[in-house]
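Visitor: Please pick one part of this model and go through it closely. I would like the cut-offs behind each term as you use it.

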Amino acid sequence: MQRPTLDDFREVRRGLPVVAAVLFVAALAFPMWRISVQAVQYPNTVLHVQLYAYPHLTGDFTEMARLNHYIGFYYPDPVFVEPNFPVQERAIDVPEWSLGPVAFVAVSLLSVFVAVAPTTEKLKRGLTYQFVGTVAVFGVLVADIQYRLWQAGHTLDPDAPVMGVSGFTPPLWGRYSVANITSVSRFGPGAYMAMVAVFLLAVALFYRDEPVTVRELPGRVRRRVERLLDRGTGAEEPTGPTTDADTGDR
């Protein structure tokens, strides 16, 4: 069976999936989500909490839990794994949180598997399946997280000190206020690393039919941007004989 050589990994369609695989695994070491909170109980302090792809929190999560207690909102219970934070008995069960690393490792291994495909045809098919599958996996993860946020915000403790708080859905990205608590949600470094990895897979898929090397890629992108700008300004395409730099671009 034919195996790709080291020189083959200089090509975008093989090299970038390997880089993406490394990013997917490395992302597990960084927070996926960050929350900043301001409340009258902490007039001179902004509380920060970082959440990972597995049941782990860092930052001011103890103080944050005290604030959430006022409105009856609790950290989720991952069920399968002992978390590093106290779980309240009314917290919703989120067993899939413990399985988050499985998704990241799985797409990472698949990226490597596709990159070492023995033939060009298998490589091209693999890149297509890999990209579609990866987008589907992370799409499901995002949808699941948003659903759990909705669930947690609509199962508030009726015996909470602050009564009459309506159900709410914390967004993955954005500002929201509940009672006298104002929160800002943002993606963490781990999420951005995963986004970059997906983008690299998209670039590899785009150049799946051409043996474009990583070194050639900036020039290809620059020429494509210049052509798009020329079309946007109505500039005419140059006439006359083409050069080597003008050929082979998709």
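Guide: Contact here means heavy atoms within 4.5 Å. Axes are lines fitted to C-alpha atoms, for helices over the stretch in contact, with angles from 0 to 180 degrees between N-to-C directions. Helices (H or I, at least four residues) and strands (E, at least two) are DSSP runs, numbered from the N terminus. The model is predicted: local features need pLDDT of at least 70 and side-chain atom pairs count only at pLDDT 80 or more, while totals for chains, interfaces and linings use all residues. Residues are numbered from 1 along each chain as its sequence is written, and side-chain values use heavy atoms, with hydrogens and water left out.

Five strands form an open sheet in the order β3-β2-β1-β5-β4, with antiparallel pairing; two strands pair if DSSP finds at least two bridges between them. At the edges are β3 (57–59) and β4 (174–178), each of which pairs on one side only. Neighbouring strands of this sheet are turned by 20° against each other on average, with direction ignored. Within the sheet, β1 (residues 33–39) and β2 (residues 42–51) are joined by six bridges in the antiparallel sense, and A39 stands opposite Y42 in β2. Helix α2 (residues 61–71) lies across β1, β2, β3, β4 and β5 (181–187), and runs at about 105° to β2.

F85 is buried, with a relative accessible area of 4%; buried means under 20%, exposed over 50% and partly exposed in between, for a 1.4 Å probe and protein chains only. Leaving aside residues up to four places away in sequence, F85 touches L57, F61, Y75, P76, P78 and W97.

Helix α5 (residues 189–206) has 18 residues, which at 1.5 Å a residue should span 26 Å; its end C-alpha atoms are 26 Å apart, so the two values agree. The expected span is 1.5 Å times one less than the number of residues. Among the buried residues of α5 are G190, A191, M193 and A194. Their cover includes α1 (12–26), α3, α4, β5 and α6 (217–233). Helix α1 in turn has buried residues that include L16, L23 and F24, and what covers the buried residues of α1 includes α3, α4, α5 and α6.

Aromatic pairs come last. Rings of Phe, Tyr and Trp (its six-membered ring) pair if their centres lie within 6.5 Å; planes under 30 degrees apart count as stacked, over 60 as edge-to-face and the rest as tilted. By this rule there are eleven aromatic pairs. F104 and F138 have ring centres 5.1 Å apart and planes at 75°, so they are edge-to-face. F104 is in helix α3 (residues 100–115) and F138 in helix α4 (residues 120–153), so this pair ties together parts 34 residues apart in sequence. F104 and F138 are both buried, and ring pairs link F24, F104 and F138 into a cluster. Another pair is F168 with Y176, both buried. The charged end of R186 sits over the ring of W173, 4.4 Å from its centre; the rule asks for NZ of Lys or CZ of Arg within 6 Å of the ring centre and within 35 degrees of the ring normal.
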